[in-house]
Amino acid sequence: MRIGVLSQRTGVPPRMLRYYEEQDLLHPERAGNGYRDYPESAVRLVQQIRGLLDSGLTTEIIRRILPFLDDPSQIHLHPQCLTPDLAALLESEANRLQERIDCLSRNRDAIHAYLAAVRALRTEPTWRA
């Protein structure tokens with residue numbers, strides 16, 4: 001299938017699909033006219049890449065673990081995949097994600113506190129002299 005069809009079927013823009021190829025995540029064949037030709041399995045692969053990116057993983061990590069993933073809805077690493085280098089990279093990524101989660105939680109709490117304060121002001125009776 002051509003890039004436009006893959007884009008329609010996955011909801012991923014063609015530009016992003018070309019980026020996945022640049023990042024060595026997708027490997028389309030080339031037709032005689034130079035057009036990219038994707039197999040049917042590319043639909044599931046693109047959905048899997050998109051899900052991993054949405055979960056916060058980097059393309060570097062995805063490139064390293066993608067060959068070992070069995071199910072697009074879960075990460076199941078083959079034991080041969082988890083080298084000390086990759087383990088350190090994943091640990092660093094988990095720490096980075098936790099820092100993001102902590103920051104988002106603080107921001108959420110600040111927004112809730114602000115809303116509570118503004119709502120309390122609206123419900124207080126006004127003083128008349």
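Before going on, the basis. This is a predicted model, where local features need pLDDT of at least 70 and side-chain atom pairs count only at pLDDT 80 or more, while totals for chains, interfaces and linings use all residues. Residues are numbered from 1 along each chain as its sequence is written, and side-chain values use heavy atoms, with hydrogens and water left out.

Back to Arg64. Its side chain meets that of Asp85 in a salt bridge, at 3.0 Å from N to O; the term stands for a side-chain nitrogen of Lys or Arg within 4 Å of a carboxyl oxygen of Asp or Glu. Asp85 belongs to helix 5 (residues 84-123) and Arg64 to helix 4 (residues 59-65), so this pair ties together parts that are 21 residues apart in sequence. Helices here are DSSP runs of H or I with at least four residues, strands are runs of E with at least two, and both are numbered from the N terminus.

How many salt bridges does a search of the whole structure find? The count is seven.

Asp54 and Arg50 form a salt bridge, with N to O at 2.9 Å. Both residues sit in helix 3 (residues 41-54), four residues apart, which is about one turn of the helix. Asp54 counts as exposed because its relative accessibility is 54%. Arg50 has 29%, so it counts as partly exposed.

Then Arg108 and Asp109. The closest N and O atoms of this salt bridge are 3.0 Å apart. Arg108 is partly exposed at 44% relative accessibility, and Asp109 is partly exposed at 42%.

There is also a network: salt bridges link Glu21, Arg30 and Arg36.

Now the whole chain. The protein has five helices and two strands, in the order α-α-β-β-α-α-α along the sequence. It has 129 residues, of which 23% count as buried.

What share of the contacts with a separation of 6 or more comes from residues 24 or more positions apart? That share is 46%, a contact being heavy atoms within 4.5 Å.

Last, the surface. The accessible surface is about 9300 Å², and carbon and sulfur atoms account for 54% of it. Areas come from the Shrake-Rupley method with a 1.4 Å probe, and for residues only the protein chains shown count as cover.

Conventions: Buried < 20%, exposed > 50% of the residue type's maximum accessible area, 1.4 Å probe, protein only.
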